[in-house]
Amino acid sequence: EKVKSNNLDAKIPRSGLETEEKGTEGEPARESDGNILDVSSDFPRDKHISIQRHLADLEKLADLREVKKKPCPLCPEEKFKACYGHKLHRHLQNLHWKVSVEFKGYRMCICHLPCRPVKPNLVGDQTLSKMGAHYHCIICSATITRRTDMIGHINRHVNKGETESRFITVRAPTNEVIKESATDVQVLPNHSTPQKTDSYFNPKMKLNRQLIFCALAVLAEERKPIECLDAFGATGIMGLQWAKHLRSSVKVTINDCNENSVKIIKENCHLNKMKVKLNTKEGDSDGTAGDGEENTDTIEVTKMDANVIMHLRSFDFIHLDPFGTSVNYLDSAFRNVRNLGIVSLTSTDISSLYAKAQHVALRHYGCNIVRTEYYKELAARIVIAAVTRAAARCNKGIEVLLAVALEHFVLVVVRVLRGPSTADNSAKKIRYLIHCQWCEERIFQKEGNMLEENPYQQLPCDCHGSMPGRTAVVLGPLWSGSLFNTGFLRRMLLEAVQYGLDEAQPLLKTLVCEAECTTLKHFSTHGPGDENKQEECGVYIKTSNASAESYVVPGKRKGEEVIRRAAKRQRAEHSAEHPAFYYNVHRHSIRGMNMPKLNKFLNYLSEAGYRVSRTHFDPMGVRTNAPLAQFKTVLMKYSTPTYTVGQAEGPVHLPGDVQVGEEVPAAADTKEEDAEFPEDGKSRVADTVSTQSYPTDCAAD
């Protein structure tokens with residue numbers, strides 16, 4: 001009889017067993033394509049003989065031969081000779097069954113048959129005698145040598161949702177429908193695993209999508225209609241939200257280079273009753289009927305590389321959200337973006353941006369960084385510096401509208417200003433940063449190319465004079481300009497209130513306060529008389545009637561009058577920039593002292609004459625223009641001793657010759673709790689950092 005393979009069914013013909021006993025005399029048997037679990041019956045079809053439910057099933061395979069001495073069905077004859085039933089039972093139980101891998105009631109026993117090709121040995125005669133032991137996967141028929149590898153192989157199948165045979169036609173799994181901001185999208189079962197799915201969808205990026213929508217809504221109020229591009233569509237959730245809420249104000253293009261993602265994007269467009277325009281070589285278009293209602297909204301879906309589509313076409317708004325860094329797409333984004341357009345990019349390579357992989361940051365962004373207390377703002381300035389260089393190569397400058405660095409991503413939104421002069425002005429704001437590793441004081445290097453004799457003199461602290469060795473490092477190059485545009489943020493807040501984006505509103509309020517460097521209780525705007533004031537959620541929001549006119553582009557290029565108007569507006573908005581970087585209160589707290597509440601501490605700094613605000617980068621961070629020495633002085637003045645019993649609450653009174661607001665030298669090394677101040681008035685405050693001498697990385701963590 002004709003034998004199909006070494007993989008036998010429940011009933012095995014005698015000739016099949018004889019072929020199996022010969023082992024290496026004939027051609028090694030191989031698995032068939034159908035050796036997987038059958039979804040239509042309780043027992044799988046064409047499964048390998050090493051996959052059984054019970055130990056007795058293996059013994060039945062050996063009992064088919066009517067002889068006294070029975071061979072092992074999973075071992076070749078030269079490895080295990082035929083023996084009596086009781087010895088065969090011990091052999092099957094100890095060598096095959098105990099080391100099996102269980103999955104859904106089946107046991108994948110170890111197999112010693114010549115199913116798996118063995119690498120040739122140095123001694124050719126030993127190749128046949130050393131048959132490799134292996135397991136047969138019940139899902140994909142793969143052969144795995146080690147038991148631990150087999151367990152991991154099965155777990156990967158389960159994580160991908162592959163628990164049935166891929167060679168048998170089964171019902172396609174129903175896609176899950178997720179609703180966000182009144183937009184429905186279909187996602188695959190493994191949508192939460194990046195780079196292992198064609199429709200990656202991260203619910204944690206909802207805040208990121210809302211911020212980008214608000215930025216696009218502000219641009220849509222300035223000029224209509226605008227062409228916007230979602231370069232990495234995935235499920236198409238972002239482009240669908242743009243088209244569904246902004247309607248005729250935008251012309252949305254969703255792009256993805258993956259064919260399966262493009263298919264899912266089209267299905268999601270139909271699910272949201274949107275017409276689909278396919279940009280293919282044939283030029284055909286596909287539309288959907290909206291259950292009797294007419295819908296003029298059309299979304300263009302393209303299947304191209306992101307660099308290619310940005311080189312071929314011009315857009316007013318471009319959003320980049322690739323896996324990891326986006327530096328590979330910046331040159332293409334700024335090549336054809338229109339004047340006064342907006343480019344937003346989301347970087348998720350936080351391991352390199354947050355100084356956990358410093359060599360990767362040097363490779364991608366060309367920046368030297370270390371772990372600091374302000375590492376999130378450092379990451380935002382690194383990305384903006386890369387954006388500035390890419391725009392300058394295209395003779396374009398940028399105006400930073402928004403920079404957000406949270407746990408999972410870094411979002412940067414910039415406006416494009418055409419012209420070599422604006423490109424030069426933007427490039428001049430890329431500078432190096434001098435960072436003290438002892439007290440974490442920092443300052444940007446002075447402009448100019450002349451080499452200074454002692455760069456440590458630029459730092460406000462005197463750690464270099466009191467500490468041995470080199471105490472500072474040079475970080476960068478970084479963006480040294482402003483991170484926020486107050487007017488743009490206020491209009492974003494107005495759009496967030498209008499469209500009911502509850503998650504974005506608290507963050508936008510914090511960003512407005514941070515941009516103005518003020519506390520929440522001072523959150524009010526008193527602008528000129530020609531500006532209208534609107535109150536939303538207890539916040540005064542100014543909207544200018546002439547703001548939209550200043551960005552109207554009459555033709556392909558702007559006139560000189562409009563350029564002067566935009567430059568004048570830019571100078572007015574940047575007249576009071578927020579201070580660079582922030583200080584962490586816990587990082588600079590004093591040992592043995594209870595520091596005041598954060599809001600009270602902000603009031604104390606404000607009463608001392610400094611600009612102060614909280615920051616979204618760090619919940620315990622304080623953005624202020626006060627030097628670090630003054631920051632520590634105010635913090636110590638209003639701190640109370642921890643271990644003093646019965647002492648009345650109140651500020652710690654410093655000597656009369658040390659006043660808040662005067663420049664105080666850096667803290668010195670001391671371990672006494674009651675520090676003695678010298679008579680010459682130049683007192684030194686004992687703090688935690690100088691006492692313990694923490695390195696930068698440990699202190700930040």
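Glu-102 stands opposite Arg-107 in β3. This is a predicted model, in which local features need pLDDT of at least 70, side-chain atom pairs count only at pLDDT 80 or more, and totals for chains, interfaces and linings use all residues. Residues are numbered from 1 along each chain as its sequence is written, and side-chain values use heavy atoms, with hydrogens and water left out.

Start with the sheet around that pair. β2 and β3 (residues 106-108) are antiparallel and share 3 bridges. Strands here are DSSP runs of E, at least two residues long, and helices are runs of H or I, at least four, numbered from the N terminus. Two strands pair if DSSP finds at least two bridges between them.

Axes are lines fitted to C-alpha atoms, for helices over the stretch in contact, and angles run from 0 to 180 degrees between N-to-C directions. UniProt, in an unreviewed entry, places "domain: C2H2-type" at residues 137-157. Such positions use the numbering adopted here, feature names are shortened, and annotations may be inferred rather than shown by experiment. Over residues 137-157 the chain is 52% helix and 10% strand, with the end C-alpha atoms 10 Å apart.

Now move to a helix pair. Helix α15 (residues 486-498) packs with helix α16 (residues 504-516) at about 165 degrees, their axes 9 Å apart. That makes α15 roughly antiparallel to α16. Angles over 145 degrees count as roughly antiparallel, under 35 as roughly parallel, 65 to 115 as roughly perpendicular, and the rest as oblique. The crossing of α15 and α16 is left-handed: the near helix is turned anticlockwise from the far one by less than a right angle. Contact means heavy atoms within 4.5 Å. Contact residues include Leu-489 and Leu-493 of α15 and Leu-508 and Val-512 of α16.

Last, the backbone. Most residues other than glycine have a negative phi, and most peptide bonds are trans. The bond from Lys-224 to Pro-225 is cis, with omega near -15 degrees. Pro-225 sits in the loop between α5 (206-222) and β8 (226-230). The bond from Gly-476 to Pro-477 is also cis, with omega near 10 degrees, and Pro-477 lies in strand β18 (residues 472-479). Arg-247 has a positive phi, near 55 degrees.
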